[in-house]
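Subject: Structure handover

Hello,

Please find the structure below. My notes on it come after.

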Amino acid sequence: MRRGLAGLLAAEAISLLGSRITFVALPWLVLTSTGSALLAGLAGFAEMLPYVLAGLLGGPIVDRVGPRPTAVAADAASLLAVSGIPILTSTETVPYHTLLGLIALAGALRGFGDTAKRALLPRVIADAGLSTERGTTLYDGISRVATLLGLPLAGLLVAAIGPARVLLVDAATFGLCALLITAFVRAGSTGHHPAEDEEGGYAAALRSGFRYVRQDRLIIGIMSMLFATNLFDQAYATVFVPVWVRESPHGPAALGVLGSAFGAGAVTGNLLWTVLAPRLPRRTTFAVCFLAGGPAQLFALALTDRLWLVLAVAALAGALMSTINPILLAAVYERIPVRVQGRVMSVLIAFSWAGIPLGGVLGGWAADDLGLRTGALLAGIGYLTVTLAPFLFSVWRSLDEHRTAPAKALVTAK
């Protein structure tokens with residue numbers, strides 16, 4: 001059944017490639033058209049708040065309907081929503097708040113789709129006969145390659161044809177993603193019959209997801225750390241980097257070059273982690289790499305204007321950070337039974353990503369009122385403080401536990 005895993009990974013690669021392009025094009029469109037870093041941050045807020053809420057509320061639907069049909073439907077609808085953004089921007093009379101509304105719709109649809117795909121992933125990994133850690137490393141590697149290719153491509157496309165038209169590329173990738181999942185992925189294609197689930201109704205299913213999370217201290221720790229680090233990462237990517245580029249002589253192509261440097265480091269690190277993962281302790285690797293790689297790019301923007309130095313730091317950060325997602329995904333998938341993965345993962349992801357909408361707004365405020373250097377420096381210090389947690393709290397030792405019960409459930413659940 002490796003055909004299903006290959007199909008899901010191919011779909012994710014294409015979808016993520018388009019999303020990385022939009023990640024550059026959308027804030028640049030707002031920043032250059034309005035001249036306001038705060039409004040660029042608000043555009044990110046308008047996309048990511050509905051993304052988080054849709055991911056949270058969609059978990060029970062994914063468990064009941066099934067991750068495969070949910071993913072296909074969400075991607076098909078995203079094709080239409082994202083296509084509408086450049087259409088609206090071509091009409092000069094459309095007010096800014098209307099554009100934000102369409103961005104919010106696109107974010108909500110992507111939230112549903114990503115929740116479904118994350119619930120689908122462990123099922124196709126099990127059907128392919130791979131270990132959870134190896135499968136999640138492959139999945140994260142696809143994301144890293146998409147970043148490596150998508151961000152520099154975005155910089156070139158934005159410079160060549162403008163950010164509005166670039167968004168049409170992202171819309172097309174959603175459609176292709178839906179087709180690939182429909183054609184190749186079969187695992188997890190159906191939801192539970194109500195009789196199979198002791199929880200009755202949507203509200204009860206959603207409550208059960210929260211209850212499961214509350215009982216697991218490691219998941220609470222993961223959510224808390226990722227809430228803060230995602231906030232800082234969003235401020236860096238959607239506000240600090242565009243402002244740094246605008247204030248430097250490097251031009252918009254530097255937007256993609258910075259992402260390319262991070263992506264190149266991440267792909268290299270991912271390949272190394274694929275080989276070394278069984279030999280290294282999860283907790284120590286996670287703690288050291290997060291502490292060293294997470295805040296490094298923020299400090300670079302705050303302390304230097306030299307592009308080569310910022311690129312070098314980005315490449316090193318990418319290599320270190322490539323270990324984070326595979327470790328966390330493997331640990332989480334091993335802890336959660338398959339029948340509740342949709343609702344539990346939706347709670348985990350929603351709270352982990354809840355800092356992202358705030359990150360763009362706070363980053364925009366910091367850049368406008370405090371200045372780029374001060375804002376980036378404060379964010380770097382905050383990032384450094386948060387990533388000390390795995391060294392200080394014993395609950396993080398649970399990362400080194402390799403649980404087998406949920407993995408067995410994955411193999412038998414069809």
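This is a predicted model: local features need pLDDT of at least 70, side-chain atom pairs count only at pLDDT 80 or more; totals for chains, interfaces and linings use all residues.

Residues are numbered from 1 along each chain as its sequence is written, and side-chain values use heavy atoms, with hydrogens and water left out.

Helix H16 covers residues 372-386. Helices are DSSP runs of H or I with at least four residues, numbered from the N terminus. Buried residues in H16 include Leu-372, Ala-376 and Tyr-383; buried means under 20% relative accessible area, exposed over 50%, partly exposed in between (1.4 Å probe, protein chains only). The buried residues of H16 fall within an arc of 165° seen down its axis, so they line one face of the helix; the arc is that of the directions from the helix axis to the C-beta atoms. Leu-378 and Thr-385, on the other side of H16, are exposed.

The structure holds seven salt bridges, each a side-chain nitrogen of Lys or Arg within 4 Å of a carboxyl oxygen of Asp or Glu. One of them joins Lys-117 and Asp-75 (3.0 Å, N to O). This pair links distant parts of the chain, with Lys-117 in helix H4 and Asp-75 in helix H3, 42 residues apart. Both Lys-117 and Asp-75 are buried.

Another salt bridge pairs Arg-335 with Asp-216, at 2.9 Å between the closest N and O atoms. Arg-335 is buried at 9% relative accessibility, and Asp-216 is buried at 8%.

Regards

Note on methods
Helices (H or I, at least four residues) and strands (E, at least two) are DSSP runs, numbered from the N terminus. The expected span of a helix is 1.5 Å times one less than its number of residues.
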